[in-house]
Protein chains: 2
Amino acid sequence: MTIEKTIVAIAEQAKVASRKIAAADSEQKNRALALIAEKLKRSEETIKAENRKDLELAREKGMAPAMVDRLKITDATMAGMIKGLEAVAALPDPVGEVTNTETRPNGLMVSRVRIPLGVIAMIYESRPNVTVDAAALCLKAGNCAILRGGSEAFHSNMVLAGIISSALDESNLPEETVQVIPTRERDAVNVLLKQDELIDLVIPRGGEPLIRFVVENSSIPVLKHYKGVCHVYVDRSCDMDQAAKICLNAKTHRPGVCNAMETLLVHEATAARFLPNMVSRFQAEKVEIRGCEKTTDLVPGAKRADQNDWHAEYLDLVLSVKIVATMEEAMDHIARYGSSHTDVIVTDDYQRANVFVKNVASSMVGVNVSTRFNDGGELGLGAEIGISTSKLHAFGPMGLEELTTRKFVVLGRGQTRH
Amino acid sequence: MTIEKTIVAIAEQAKVASRKIAAADSEQKNRALALIAEKLKRSEETIKAENRKDLELAREKGMAPAMVDRLKITDATMAGMIKGLEAVAALPDPVGEVTNTETRPNGLMVSRVRIPLGVIAMIYESRPNVTVDAAALCLKAGNCAILRGGSEAFHSNMVLAGIISSALDESNLPEETVQVIPTRERDAVNVLLKQDELIDLVIPRGGEPLIRFVVENSSIPVLKHYKGVCHVYVDRSCDMDQAAKICLNAKTHRPGVCNAMETLLVHEATAARFLPNMVSRFQAEKVEIRGCEKTTDLVPGAKRADQNDWHAEYLDLVLSVKIVATMEEAMDHIARYGSSHTDVIVTDDYQRANVFVKNVASSMVGVNVSTRFNDGGELGLGAEIGISTSKLHAFGPMGLEELTTRKFVVLGRGQTRH
């Protein structure tokens, strides 16, 4: 079979299966999730053996150690996948929820009811645990998943897919509810991205080049997660200790993730009291500071930031710092250089907090909190399949609800339109 | 200026203006809508004079009379635009609505707040009234609009744009809130569709080739409105008079629109009692019938349907008819040939109605109603900017709410993440 035929056949099977999984009740889906967890436990040795094949190939190809780490299925990875399945099973099922009801003047009873999206394709990096996490979330929301992980995780993903499908089958659900693309060929992705008649959504996860490629080549709607250029703005009047604690957490708790702070903005009335001490604390944590002119005047030894620094998502122990004359300047900076991901104000002025919240259009706008809280679990969504930085459909963390849509259900007694 | 520079400049101005219009309060936006209406009334002669230029050119180019009709700004068109502006001003403002609030175990107060999408581009046919309708809806939901109507409506759209912008300016809102692309060059659309850093959404309205072109060439998210292949399924047990009334309304009330019935499915237990009389009534209304084999056996003289008929959106007085052995066969037919737009069951069996409602995943699923009710006004959205046939973001009619997204607002007291 050509690649094109293989991919089209997979998408067609998913489309057929999507009607069945959409109609499955919560209990049946939860039983399947539990069975997947059980089978994963029982197959630990097989999974690790397949994973070792991937690891050997990756090392032969000279993969960077950090990448090998993400590829490796450890005991902790196994436990994480199983815990994830249990957590998703415990979440409320969004399918069938009635979000609005209204009786129209002509007697029509109109309601809006949550239904699955249908078929979701995910394209992601070489992290086999994402295969299980994504499968669980798609399944719980009544969707079919077509999964395409990084080619370095091929053997791992194939064995996981087999386990998931056999658990689905034993739960009387279509085994095509979750399919992993059974080829490493790059062309498979090109073909996949054109199946807009069969696939309802593509979620790319990974580096910016991958996401850019998907956006440019997909005729299917894409939920994309570009970068997080997150800001903390320390206002003219605030609790300095609180500000320092928030900034330190936002930058150093996990510098490599999208909701870490990348730029610190400080009101000029606060800068002299706040910045020197703050910078020392950052430097004690090995954070490199790149400051505006005023910052480097105030904090000798700090490097000067250039234009690229304001746009940068460092994902590292580097921080750009800018002193602003007004809150408006801070908000303008965020609008110009930010990525609409997570932006926080630290202030004790309620009025100014409100102005900031109203005017900053990021997926999470915070007052007196760390940027690190922009996360599905922390914000109460239970689990997340990604964080959308585009505003359509979902903006910010995407949980089960974001894997559904709503239809209108209209009950009448023979009404016709005049 | 090259086309590319012109379009990028427009998109950049829109992006800047979008921050201001997003922060405008309802009263200010409503005043601007009222002023646009007032200025339209006062400029009726100028508008009609510009429209006449378009009409003359269109006739010279041999445009079909039906197209010329849609292009023409009549007294009724003027009244419709003004009524539309008043209706949109009267609708509740979705911006700022808090849809969820929750206090997390760590004390964080998390809410989700509606905000505008930002910058919306619309590409549509040569109907100048759409310029005003779209501008009004985008503005009310706090968005900037970049409008590109059919090139045949160029003079009409430019004069309308000028009036809208001057009203915005006099209302102390940015005149770039609504911009019409000031060139007829086709390349403008290609450039526009690549401005994903500046534009948040594209809505194409028009024929399938236009929509297909936009989907294939846009790197901006698209809300598309493909075709409506709508079904009425007459079940084995139902009120025959009600069924006939619904079918007649669904097919003949406005055959040229997307929510008209295109295929009638009839349970075989009902067919002999229902179809001959129903077909006579259709034929009295000049509806051409194309039936399956069982239908043509039952109704001599009816044409035989072929495979294309089941896929067809006739938008005309033509109807395909199929007799099915079971409700499952009807649902399978809808899943296979339908376009997930509007599908209705006529039945007096409550259980079977529920099964149909649960299993049919169309943007409107109806019980004992005409398909013609799938419309923003009829379903209570107030006004609509289109009907989405893709499931992402909006499925079905899109009103003001669908022109917004939601951000997370998180209020803390210094919380950090552990």
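Start with a pair of helices in chain A. Helix 3 (residues 44-60) packs against helix 7 (residues 154-170) at an angle of about 155°, and their axes lie 7 Å apart. Angles over 145 degrees count as roughly antiparallel. Helix 3 and helix 7 of chain A are therefore roughly antiparallel to each other. Keep in mind that this is a predicted model.

Which residues make this contact? Helix 3 of chain A brings T46(A), I47(A), E50(A), N51(A), K53(A) and D54(A). Helix 7 of chain A answers with F154(A), H155(A), S156(A), V159(A) and L160(A).

Now step back to the whole of chain A. The chain is divided into domain 1 (3-226 + 396-411) and domain 2 (230-373). Domain 1 is written as two segments, 3-226 and 396-411. The C-alpha centres of domain 1 and domain 2 of chain A lie 36 Å apart.

Next, turn to the contact between the chains. Chain A gives 58 residues and chain B gives 58 residues. On the side of chain A that touches chain B, several elements give two or more residues, among them helix 1 (3-23), helix 10 (240-252) and strand 13 (364-369). Strand 16 of chain A gives the most to this side, with 11 residues. By class, the side of chain A that touches chain B has 25 nonpolar, 20 polar and 13 charged residues.

Strands also pair across the two chains. Strand 13 of chain A runs parallel to strand 16 (residues 404-415) of chain B, and 5 bridges join them. Within strand 16 of chain B, V410(B) is the residue opposite G366(A). Strands of a sheet pair through backbone hydrogen bonds, either parallel or antiparallel.

Finish inside chain B, with an open sheet. Its 4 strands have the order 5-4-3-6, with parallel pairing. Which strands stand at the edges? They are strand 5 (178-180) and strand 6 (201-204) of chain B. Each has a single partner strand, so one side of each is left without a neighbour in the sheet. From one strand to the next, the twist averages 20°.

Look at one pairing in this sheet. Strand 3 (residues 119-123) and strand 6 of chain B pair in the parallel sense over 4 bridges. Here I120(B) has L201(B), in strand 6 of chain B, as its bridge partner. Helix 6 (residues 128-140) of chain B packs on the sheet. This helix touches strand 3, strand 4 (144-148) and strand 5 of chain B. The direction of helix 6 makes about 160° with that of strand 4 of chain B.

Definitions and conventions:
Residues numbered from 1 in each chain as written. Chains lettered and ligands numbered in written order. Predicted model: local features only at pLDDT ≥ 70, side-chain atom pairs only at ≥ 80, totals over all residues. Domains from an automatic or database assignment. Axes fitted to C-alpha atoms, helices over the stretch in contact; angles between N-to-C directions. Parallel < 35°, antiparallel > 145°, perpendicular 65-115°, else oblique. Contact = placed C-beta atoms within 7 Å. Nonpolar A, V, L, I, M, F, W, Y, C, P; charged D, E, K, R; others polar. Pairing = 2+ DSSP bridges.
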